[in-house]
Amino acid sequence: MGEFDYVWANPRQAARRAFEAVNTHARVTLQTLTEDIATATRKPIEIRELPELGQWGTSAHWFELPDLHLILESAPTSEHHQHWVRMHELGHIVFTHLGWTATPPHALTGHGGLSLADAARLHRANFRLPSEQAAEEFARHADLMIRVGRGGTLDNDYSVVLS
């Protein structure tokens, strides 16, 4: 079984392996994880708010540009949700960096020619897509590692806010 097949057959284990491939800290935070991913991909990660995303039915969307990773996010609903969404988008970056995100032929959805709003809505709404499942598992694993490192709970875990 190749790496590509492994991600889709075992998204939870693939998320753990992807996290371990980029994380360099014994005590991980969202900020250190973001810095590690930027270093591993040799591109800075920029996060911008785009409130219209919420109207389009999505919380965030990642774009790989030639010189940076751009994450557009809707207005935050809560601090924990905002951090979870960022970890989810970081998962997309990590899996792409590792070459694990090529969409298998049976999952192609044909978004060509759609507006950003329509593509974001269709993609985000379809958590049956393996790429979305893998990114969500990455967020789950990163969340767990952050909480374990801090000895905290979801209520007191997130003190780092990226600008």
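The protein chain holds 7 helices and 3 strands. Helices (H or I, at least four residues) and strands (E, at least two) are DSSP runs, numbered from the N terminus. This is a predicted model: local features need pLDDT of at least 70, side-chain atom pairs count only at pLDDT 80 or more, and totals for chains, interfaces and linings use all residues. Residues are numbered from 1 along each chain as its sequence is written, and side-chain values use heavy atoms, with hydrogens and water left out.

**Exercise 1. The chain as a whole**

Task: State the pattern that the protein chain follows along the sequence, and the share of its 163 residues that count as buried.

Solution: 
- Step 1. Read along the sequence. The pattern is α-α-α-β-α-β-β-α-α-α.
- Step 2. Take burial. Buried means under 20% relative accessible area, exposed over 50%, partly exposed in between (1.4 Å probe, protein chains only). Of the 163 residues, 47% count as buried.
- Step 3. Take contacts, meaning heavy atoms within 4.5 Å. Among contacts with a separation of 6 or more, 62% come from residues 24 or more positions apart.

**Exercise 2. The sheet**

Task: Work out the strand order of the sheet and find which strands stand at its edges.

Solution: 
- Step 1. Apply the pairing rule: two strands pair if DSSP finds at least two bridges between them.
- Step 2. Pair β2 (residues 60-64) with β3 (residues 69-73). They run antiparallel, joined by 5 bridges. A60 stands opposite E73 in β3. The two strands form a hairpin with 4 residues between them.
- Step 3. Pair β1 with β3. They run parallel, again with 5 bridges. Here E49 has E73 as its bridge partner in β3.
- Step 4. Assemble. The 3 strands form an open sheet in the order β1-β3-β2, with mixed pairing. β1 (45-49) and β2 stand at the edges with a single partner strand each, so one side of each is left without a neighbour in the sheet.

**Exercise 3. Helix α5**

Task: Check the span of α5 against 1.5 Å a residue, then count its buried residues.

Solution: 
- Step 1. The expected span of a helix is 1.5 Å times one less than its number of residues.
- Step 2. For the 19 residues of α5 this gives 27 Å; the end C-alpha atoms are 27 Å apart, which agrees.
- Step 3. Burial: 14 of the 19 residues are buried, and α5 is mostly covered.
- Step 4. Look past the helix. G99 follows α5 and has a positive phi, near 75°.

**Exercise 4. The buried side of α2**

Task: List the buried residues of α2 and decide how they are placed around the axis.

Solution: 
- Step 1. The buried residues of α2 are P11, A14, A15, A18, F19 and V22.
- Step 2. They cover an arc of only 140° around the axis, which puts them on the same side of α2. The arc is that of the directions from the helix axis to the C-beta atoms.
- Step 3. Recall the geometry. An α-helix has 3.6 residues a turn, so residues three or four places apart point the same way.
- Step 4. Follow P11 to α7. P11 and A134 are 123 residues apart in sequence, yet 5.1 Å apart in space, C-alpha to C-alpha. A134 belongs to helix α7 (residues 130-150). It is buried, at 1% relative accessibility.

**Exercise 5. D36 and R42**

Task: Is D36 buried or exposed? Is R42 buried or exposed?

Solution: 
- Step 1. D36 is buried, with a relative accessible area of 7%. Other buried residues of α3 include L33 and I37.
- Step 2. Find its partners. Leaving aside neighbours within four places in sequence, D36 contacts V22, N23, T24 and H25.
- Step 3. R42 counts as exposed, at 78% relative accessibility. Its phi is near 60°, a positive value in a residue other than glycine.
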